[in-house]
Amino acid sequence: ASAPHSYVRESDIEGSSLRDGAAERSFLLFAVDAAGNRRNTGGDAFSAKLKGPSETGGTIDVALKDNGDGTYQGVFKVSKSGRYWLEVLLGPIGPSRESVAGSPYVIDFSPDPAEEVRRRHEAQERRIQREKAAEQRRKDDDKERKARAAEEEKARESERDAARAEKEKQRLRTQGKVDERKEVEAKAAEMEKRRRLMEKLRKEEDVRRKAVALEEEKRNATLAKMQETQQKRSRPGSAMK
């Protein structure tokens with residue numbers, strides 16, 4: 001068989017969709033000699049391998065069944081959607097192996113419609129969950145922000161209360177000093193009032209004493225004059241005179 005002339009039936013390498021999460025594909029390889037004639041006997045060293053998306057785990061070997069009539073049946077199964085490359089080679093293992101005509105074949109498997117619906121549903125559910133989580137975070141952030149604002153307002157109110165209390169203390173101290181000063185002034189005024197009263201009383205007493213002394217002096221003078229008159233009358237010869 002000639003690798004450049006051998007080929008896989010074109011209808012076997014068309015893309016399709018997964019069903020129930022998987023897709024099985026069989027393909028028929030035709031061995032052709034260098035003259036372009038299909039071979040009708042088997043025994044050629046064909047091999048095949050399939051390479052898929054990275055999440056499929058890399059390249060896998062595909063078993064080929066020799067039908068003995070120049071055709072080879074290959075079967076593989078995939079469980080992930082995406083682009084696959086089917087490489088069919090001729091020859092023993094080593095650098096001398098050649099790819100058959102058209103190899104590697106590109107085969108696209110689209111997602112299972114039901115799986116696609118499930119994925120869309122899961123994506124929508126994840127989106128809803130993300131939105132719910134974001135909304136909950138917003139609520140939590142808002143709650144925390146309000147709690148922090150309330151704490152800050154409480155702290156500011158405490159500071160204002162402390163300032164008012166200190167101001168009231170200052171006022172009371174100032175008022176106390178004013179009251180004390182007023183009390184001292186009132187006591188001083190009372191003492192001055194008493195001093196003036198005592199001074200007035202003292203002056204009145206001095207006037208009274210002077211009046212009494214003067215009255216006493218007058219009375220004494222009167223008595224002295226009366227005594228003198230009496231003495232004159234009691235002297236001998238005073239009557240003849």
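Predicted model: local features only at pLDDT ≥ 70, side-chain atom pairs only at ≥ 80, totals over all residues.
1. Buried means under 20% relative accessible area, exposed means over 50%, and partly exposed lies in between (1.4 Å probe, protein chains only). By that rule Arg-127, at 35% relative accessibility, counts as partly exposed.

2. Residues are numbered from 1 along each chain as its sequence is written, and side-chain values use heavy atoms, with hydrogens and water left out.

3. The whole structure has 26 salt bridges (a side-chain nitrogen of Lys or Arg within 4 Å of a carboxyl oxygen of Asp or Glu). One of them joins Glu-131 to Arg-127, with the closest N and O atoms 2.9 Å apart. Both residues lie in helix H1, four residues apart, about one turn of the helix. Arg-202 bridges to Asp-206 at 3.1 Å.

4. A salt-bridge network links Glu-153, Arg-156, Glu-157, Arg-160, Asp-161 and Arg-164.

5. There are five aromatic pairs (rings of Phe, Tyr and Trp, its six-membered ring, with centres within 6.5 Å; planes under 30 degrees apart are stacked, over 60 edge-to-face, the rest tilted). The ring centres of Phe-76 and Phe-109 are 6.4 Å apart and their planes stand at 90 degrees, so this pair is edge-to-face. Phe-76 is buried at 4% relative accessibility, and Phe-109 is buried at 3%. Ring pairs link Phe-27, Phe-76, Tyr-84 and Phe-109 into a cluster.

How values were computed
Helix = DSSP H or I, 4+ residues; strand = E, 2+ residues; numbered from the N terminus.
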